[in-house]
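Hi,

Here is the structure I promised to pass on. Have a look at it first, and then read my notes below.

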Amino acid sequence: MSRTVTSILIVDDEADHCANMNDIFTDLGYRTDVAHDGQSALELVARHGYDVAVLDLRMPGMDGLELCRRIRRLRSETRTILLTAFPCRETELADSGDSSEPFERPSILRKPVNLTELLALID
Amino acid sequence: MTAPDSTSDDAFDRYRQLQRYVDWSEQDVANVKRMLPYVEPRFGQLVDDFYDAVGSNAETRRVLTGGSQQMQRLRLALCRWLQELFSGVYDRDYVRRRLRVGWRHVEIGLDQMYTKVALSRLRVGLVRAICECWDGDKGELLALVVSFNKLVDLDAAIIEDAYGREFTRRSQTTERLATIGQVAAGIAHELRNPLNVIKTSIYYLENAKAASPEKKAAHLDRIQRQVTVADNVIAALSDFAALPTPRSEPVALAALLNGVLLDQEPGPQFEVVCDFPEHLPPVLGDVRQLSIVFGNLIRNALEAMPGGGRLEVSAQAKDDFVAVSLRDTGIGISPENLSHITEPLYSTKARGIGLGLAITNAILNKHQGFLRVTSEPDRGSQFVVLLPMAVETAEKHSIAQAGTKP
């Protein structure tokens, strides 16, 4: 993970959250894209590729975990960070992942997001 | 274990009722008291037999966890129970102690059927005891045994009653706690999302190196908007928590529906078509509560059409009701979900606690109204609200009068 992060994909069905993340990352000099659902996120990943994808766990249609797996199948180099507003334990989330896949597990952060933590994970 | 006195008082009343049911009389009291000298010498033996049976059954043995001290206590309690049974005093305290047996059995998780068979075993032992020692008239003996059986059956009934009530109370408590857990999780999710936006906006406003005045204004707007989102979550909960008895006044539905539609601000991707007859009779109801009903239904309809669509709102008078129909061209509801949609905490949305339709249904029930739903997945749904007409009697009257005209 020595590569410098330059591009970030933000996926969340909540428009205000995406706009905020977009403003913060752009201000810090990252190249960013925003998607509001899993399908359009995958299209963006296939076309551009990103160093990091910050995904909401619970979205209508494809949820964050499933999207995580698909992104990694498309671009295994993309690091994924899951955000959740749900009061669940990290272990439950980690267990629900498919352990047969040779990818690292996503990092999980709670909403409201602690930006210091999130930025530390990205860089 | 303690229970409010009223519980014991109610139980005593029920006990008295049951006594009347079996024609329990002073003669029965006298008969049972007469048995005491015959059966008392066998109490020790009966208690031994009782606990031998408890100990030899795997399921009942399970509750004997307190060693010899517990055994000592249990034996004394049973001895006391036997003495009270033949004491001739069947007062409040007597009943309260029987209640405790039932409560205690729920507490230790002893199935009620074992109480029945254990009582059966005691009953057989006691009847055998009196038959073996009785040297008098056979007819008298039969009368004693009949009175004794009534008494044991009354005891069994009151223990079973206490068991059942305590069991229900405990399961309801458990269920309530589970519901609170579910609600809490839902609220947590619904509040963390707006809080998240507020927090990240504040971060941006504090830390951004190149924040334009426009950006700053946009973030302040967002904070404002998300405070409203959070407030709406609380409002939905308070709607549910304190649904007051609806005020019954004539409500003009067309105006109410137009107002609700205006509040919802459907975007340009929606085609909203209203069709209300010019002289739609008013319904009987509570303006505020009916606004919640139609607000929920219209919001649901719009949310069911994420890419936009057509919403038809129409109303018509039918019999003593006004029917309001809301038809959307949205994603629809699958047949398996359709039967659950008015259950509290049932939601198929990524956002939402699952209270909207539950509140809607509760309000309509209080209005003597109905909700009918039909839906076809991928085609859309139709929600029909039926509300009682306010001018029902007046109108009937005028119709009747019109009918009498030549």
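Predicted model: local features only at pLDDT ≥ 70, side-chain atom pairs only at ≥ 80, totals over all residues.

**Chain A**

Let me start with chain A, which has five helices and five strands. Going along the sequence, they follow the pattern β-α-β-α-β-α-β-α-β-α. Of the 123 residues in chain A, 50% are buried. If you take the contacts between residues at least 6 apart in sequence, 70% of those in chain A join residues at least 24 apart. Its accessible surface comes to about 5700 Å², with 48% of that on carbon and sulfur atoms.

One is helix 3, residues 64–74. At its start, a side-chain oxygen of A:Asp63 comes to within 3.2 Å of the backbone nitrogen of A:Leu65. A:Leu65 is also one of the buried residues of helix 3, and the others are A:Gly64, A:Leu67, A:Cys68, A:Arg69, A:Ile71 and A:Arg72. Note that two arginines, A:Arg69 and A:Arg72, are on that buried list.

The other spot is A:Arg79, which sits in strand 4 (residues 79–84). Is A:Arg79 buried or exposed? Its relative accessible area is 16%, so A:Arg79 counts as buried, the cut-off being under 20%. As for what its side chain finds there, it reaches the backbone oxygen of A:Ile122 at 2.9 Å.

**Chain B**

Now for chain B, with 14 helices and seven strands. Here 38% of the 406 residues count as buried. Among its contacts between residues at least 6 apart in sequence, 76% join residues at least 24 apart. The accessible surface of chain B is about 22500 Å², and carbon and sulfur atoms hold 54% of it.

Again, I picked two residues to look at. B:Gln19 lies in helix 1 (residues 5–21). With a relative accessible area of 10%, B:Gln19 is buried. Leaving out residues up to four places away in sequence, B:Gln19 touches B:Trp24, B:Tyr90 and B:Leu154.

B:Asp275 belongs to strand 2 (residues 270–275). B:Asp275 and B:Ser314 are 39 residues apart in sequence, yet their C-alpha atoms are 4.5 Å apart in space. With residues up to four places away in sequence left out, B:Asp275 touches B:Val313, B:Ser314 and B:Ala315.

**Where the two chains meet**

How much area do chain B and chain A bury between them? About 2200 Å², of which 52% is on carbon and sulfur atoms. Each chain puts residues into the contact: 25 from chain B and 25 from chain A.

On the polar side, there are 16 residue pairs in polar contact between the chains, counting pairs with both residues at pLDDT 80 or more. The chains also share four salt bridges. One to look up is between the side chains of A:Asp23 and B:Lys215, at 2.8 Å from N to O.

On the side of chain B that touches chain A, helix 8 (138–207) and helix 9 (213–241) each supply at least two residues. Helix 8 gives the largest share, 14 residues. By type, the residues on this side of chain B divide into nine nonpolar, eight polar and eight charged.

That's what I have for now.

Cheers

How values were computed
Residues numbered from 1 in each chain as written. Chains lettered and ligands numbered in written order. Heavy atoms only, no water. Buried < 20%, exposed > 50% of the residue type's maximum accessible area, 1.4 Å probe, protein only. Helix = DSSP H or I, 4+ residues; strand = E, 2+ residues; numbered from the N terminus. Polar contact = N/O pair within 3.5 Å; in protein donor to acceptor, adjacent residues only side chain to side chain. Contact = heavy atoms within 4.5 Å. Buried area = accessible area lost by both parts, 1.4 Å probe. Nonpolar A, V, L, I, M, F, W, Y, C, P; charged D, E, K, R; others polar. Areas by Shrake-Rupley, 256 points an atom, 1.4 Å probe, with all protein chains shown as cover.
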